[in-house]
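Have the structure open and follow along.

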Amino acid sequence: MKNRLNMDYSLLSILILLGLISILTLYIIEPTLPPKFEGIHFWLQQAKWYVGGGVVITAVMLIDYDRFHQITWILYGIGMLSLVMLFFGFPPGIVPEVKGSVAWFQIPLIGTVQPSEFMKVILVMVLAHIIVRHKQKYSEKTIKIDLLLLSKIAAVAAPPMLLIAVQPDLGTFLVLGAITASLVLVSGIQWRILFAMLLMVVIAGLLGLVAWQLFPDAASVFIDITGFDHVAGRITGWLNPNENPDDSYQFIKGMLAIGSGQLFGKGVSSMEVNVPEQHTDMIFTAIAEQFGFIGSSIVITLFFLLIYRLVYIALQSNDRYGTYLVTGMIGMFAYQIFQNIGMSIQLLPITGLPLPFLSYGGSSTLTYLLAIGIVLNVHSRTKKYMFEEARWYD
């Protein structure tokens, strides 16, 4: 019973602070949102999602995470089924198209549900399960066995990534890629194989850029066929914001909001710059405008401490499966935080990713809190030893 009460209060404190910042920011920007959102209290809805997330964390904590092995493939099957249903637009009437993307179920009395968000945590669980079972079956390390593990990982990660790519949802596609990459890095696959893979990806990317420059018409046709014309627009808007005002409008407004905050910010309820999607993907610009560089730095510091605690828990775990679970969550959070803040300050192209724990969203907020619940579960069941801690990687 003692292990069950081994709670990480530092991680919980960070989570509570981020939740309060999210609710406060959504409350402040509510009067500045477009008229179509009039009467919708996003801050109140977000508070409800946090309460629901607290229930999810409690429920997850009651289950020994080692039992996740028993339900991993069931969850993966449910996640894949939901993505396939979205692909075929089934059932009709509850699969709306929003801004050219088919990624949600519109369920009466519940609201919108985005299966791709939950697929992030499911992918972490199934990849951790695969790696652990592979290590149990093959104790020796050879190139053939490592390639077998790599093929297993690819076979499981590729289907959801492809289904999400055709929605199209580039942001979530890249998050699943970051999760997969983080788990591949700690899976024990030989570095020569990983280096060869990286080299192949770099060469393929360079060849793609060369082909784009040499055959722009053919590249345009390919983009139109694959449905990634919006991605090309975001990239050109990012690279040449002044030459592509339609694609760079969000960039320009976001930078104006961040710059206008200066050092200390304009203060509460002093929003002047109207940034599209400021309550969701671009919420960092609202924080920067209200609280300036100081407030933004505090938020970034909280995220740094969050990642630090996750890394600490992963290293402290004396169970291989627990370490893999937390590592996958680290990959998910680290990439999303870097990508969202990076696109807000025009360091990266816009990919439509929410900022974890701060952006408004039911599916996303519940997914992040579910992930934290799994991390706390791993921490609470990490055994402590009197003289030294047993490590599976010793």
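Gly322 is buried, at 0% relative accessibility (buried means under 20% relative accessible area, exposed over 50%, partly exposed in between, with a 1.4 Å probe and protein chains only). This is a predicted model, where local features need pLDDT of at least 70 and side-chain atom pairs count only at pLDDT 80 or more, while totals for chains, interfaces and linings use all residues. Residues are numbered from 1 along each chain as its sequence is written, and side-chain values use heavy atoms, leaving out hydrogens and water.

Gly322 sits in helix α12 (helices are DSSP runs of H or I, at least four residues, and strands runs of E, at least two, numbered from the N terminus). Leaving aside neighbours within four places in sequence, Gly322 is in contact with Tyr65, Ser317 and Val378 (contact means heavy atoms within 4.5 Å). Asp66 is 256 residues away from Gly322 in sequence, yet the C-alpha atoms are 8.0 Å apart.

Which helix axis comes within 9 Å of that of α12? That's α4 (residues 115-137), and the two axes cross at roughly 145° (axes are lines fitted to C-alpha atoms, for helices over the stretch in contact, and angles run from 0 to 180 degrees between N-to-C directions). Among the contact residues are Val124, Ala128 and His129 of α4, with Tyr324, Gly328 and Met332 from α12.

Rings of Phe, Tyr and Trp (its six-membered ring) pair if their centres lie within 6.5 Å; planes under 30 degrees apart are stacked, over 60 edge-to-face and the rest tilted. By this rule there are nine aromatic pairs. One of them is Phe333 with Tyr368, tilted, with centres 6.0 Å apart and planes at 55°. Phe333 is in α12 (residues 320-344) and Tyr368 in α13 (residues 362-380), so the pair ties together parts 35 residues apart in sequence. Elsewhere, ring pairs link Phe37, Phe42 and Tyr360 into a cluster.

Here are the accessibilities for the paired rings and the glycine:

| Residue | Relative accessible area |
|---|---|
| Phe333 | 0% |
| Tyr368 | 1% |
| Gly322 | 0% |

Finally, α3 (residues 68-87). Its buried residues include Phe68, His69, Tyr76 and Leu83, and the cover over the buried residues of α3 includes α4, α12 and α13. Just after α3, Gly89 takes a positive phi of about 65°.
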